Amino acid sequence: MRLTVIGTGYLGAVHAACMADIGHDVLGVDVDAEKISALAEGRPPFYEPGFDEVLTRALASGRLRFGTSLREAAVHGEVHFICVGTPQQAGSRAADLRYVEAVVDGLVPHLPASCLVVGKSTVPVGTTARLTDRIARLVPTGVRADVAWNPEFLREGFAVEDTLRPDRIVVGTVGRESDETLRRLYAPMLDAGVPYISTDPSTAELVKVAANSFLATKISFINAMAEVCDAAGADVVTLADALGHDTRIGRRFLNAGLGFGGGCLPKDIRAFTARAQELGVGPAVAFLDQVDAINERQRTRTVELARRLVGGDLTDRRVTVLGATFKPNSDDVRDSPALAVAAALHRQGADIRVHDPEGIANARRAHPELRCEEDLLTACRGADLVLHLTEWGQYRELDPVKLARVVRTSVLVDARNALPHDEWRAAGWTVKGLGRPAPADRPPVAPAGEALRATIASPAVEADHTGLPSPALPAGKV
């Protein structure tokens, strides 16, 4: 099939290359001529594992090319994918749809024949209906342009895998013809057994924001538990392990730490709450405001912890930040929790050194006030404090003995709870994680016999739903 992919960021560039790789004739379009030139030459404009190989293969096949003309795209495609960004509006929590609307306005008047316009961008529920009306006003006489929504579920760092072997394909259409077109387009995935969920556009639009909201809630829940653990002297990692054995909960994404960032989760949950308020159901998703607040508070807590560990004053204290990207296996620093913490420490007078395996160039552009180092040991030399803020695999392989020789003070904050704390402590480091007490901080555990005698002497009581004391019952699953 002849496809156009309009917008060649993470989503669009990967989608274009992968669709060509499975046999379609694809034209990728973007207003950024420099990005288009790089892609056309086989140079990925961002770091994404495996993407360079797929891009090279697709270009060599002759099925993939790139350009900047929406008029050319209109002539080329029988299916047009909209993959542009939907950032948060300035001064608002709502999504900014200007780029989506600009694609429609620049493409539709030039359509020479009937086609299908498919949105993949993350948008507020109801967008398909609004774009259908907009397209109806712009489409040439005698041409029909149907609209469908096919949300993306890409994880940066796994974008190629998630495109070629997704865990599900969701499409929202208003007619059987559009659905059949998308089934043909995704036939290789469907033949491989990928679930295909066909629904209405509103449900399809909601799937993405609902999924991101659920994921954000799960992450913020365990981070809230980490805060409680810090206050109570408990260990959030053991807590998460115990919770994860419950099949109703599961262990994935129950890793307490610095929280989520990037170009999707934060702005998507905010846009969801804004749209819910427009629909008159704001209270139904009001909890997402607290999810957002907990996530932001993790950054503040990390800054406060760093300040305490250097004696209460960050002025002229050298702090090494390990990690600049919002997650590993990416060079994306958009809304990076690591850089937010680094910038906050800098504002409080700290002498910051930032290291990252892939994100240094983007970190320098985003925060020119921070000193970014290509070499890890150079970044750590003379440090009063080391902060582990992005869980790159390289950092888990660090030799704490070797690193202790170059820092001034062997103090580590593992804000991702991803390093082997016992190994670092054995090498002489003071280690603090979020929600993880140091061994000396743990409350003493009474011997089993003493605990049993104490229980017999003072029977436990707990309140039932009436609020009155009732005998404690054996623990069991609800």
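Is Asn-417 buried or exposed? Select Asn-417 to find out: with a relative accessibility of 14% this residue counts as buried, where buried stands for under 20% relative accessible area, exposed for over 50% and partly exposed for values in between, using a 1.4 Å probe and protein chains only. The model on the screen is a predicted one, in which local features need a pLDDT of at least 70 and side-chain atom pairs count only at pLDDT 80 or more, while totals for chains, interfaces and linings use all residues. Residues are numbered from 1 along each chain as its sequence is written, and side-chain values use heavy atoms, with hydrogens and water left out.

**The whole chain**

Of the 478 residues, 50% are buried. Taking contact as heavy atoms within 4.5 Å, 71% of the contacts between residues at least 6 apart in sequence join residues at least 24 apart.

Next, select Val-26, Phe-51, Leu-64, Phe-81, Leu-182 and Tyr-186, the residues with the most contacts inside the largest nonpolar core, which has 38 residues. Helix H1 (residues 10-21) supplies the largest share of this core, 9 residues. Apart from this core lies another, of 30 residues, among them Leu-345, Val-354, Ala-363 and Leu-434. A nonpolar core is here a set of buried Ala, Val, Leu, Ile, Met, Phe, Trp, Tyr and Cys residues joined through side-chain atoms within 4.5 Å. In soluble globular proteins, nonpolar side chains tend to be buried together.

Centre the view on Phe-51 and show its surroundings: leaving aside neighbours within four places in sequence, Phe-51 is in contact with Ala-13, Val-14, Ala-17, Leu-39, Pro-44, Phe-46 and Val-160.

**The second largest pocket**

Now select Glu-78, Ser-114, Cys-115, Leu-116 and Glu-177, which lie nearest the centre of the second largest pocket among the 20 residues that line it. The volume of this pocket is about 260 Å³. On a 1 Å grid over the protein atoms alone, a pocket is an open set of points with protein on both sides within 12 Å along at least five of seven lines, a cavity is a set of points where a 1.4 Å probe fits but cannot get out, and lining residues have an atom within 4 Å of a point. Grid points are joined across faces, edges and corners, and a volume is the space filled by probe spheres set on the points.

Helix H4 (70-76), strand S4 (79-82), strand S5 (115-119) and helix H8 (176-185) each give at least two residues to the lining of this pocket, and H8 gives the largest share, 4 residues. By type, the lining of the second largest pocket divides into 9 nonpolar, 5 polar and 6 charged residues, where Ala, Val, Leu, Ile, Met, Phe, Trp, Tyr, Cys and Pro count as nonpolar, Asp, Glu, Lys and Arg as charged, and the others, Gly among them, as polar.

**The cavity**

The structure holds 1 cavity of 30 Å³ or more, and about 90 Å³ of space lies in the largest cavity. Select Val-123, Pro-124, Val-209, Ala-271 and Phe-272, the closest to its centre of the 13 residues that line it. Helix H10 (201-232) and helix H12 (265-278) each supply at least two residues of this lining, with the largest share, 5 residues, coming from H12.

Then select Asp-292 in helix H13 (residues 287-309), which counts as buried at 6% relative accessibility. Beyond neighbours within four places in sequence, Asp-292 is in contact with Arg-93, Ile-269 and Arg-270.

Asp-335 sits in the loop between strand S9 (318-322) and helix H14 (337-347), and Asn-417 in the loop between strand S13 (411-414) and helix H19 (421-426).
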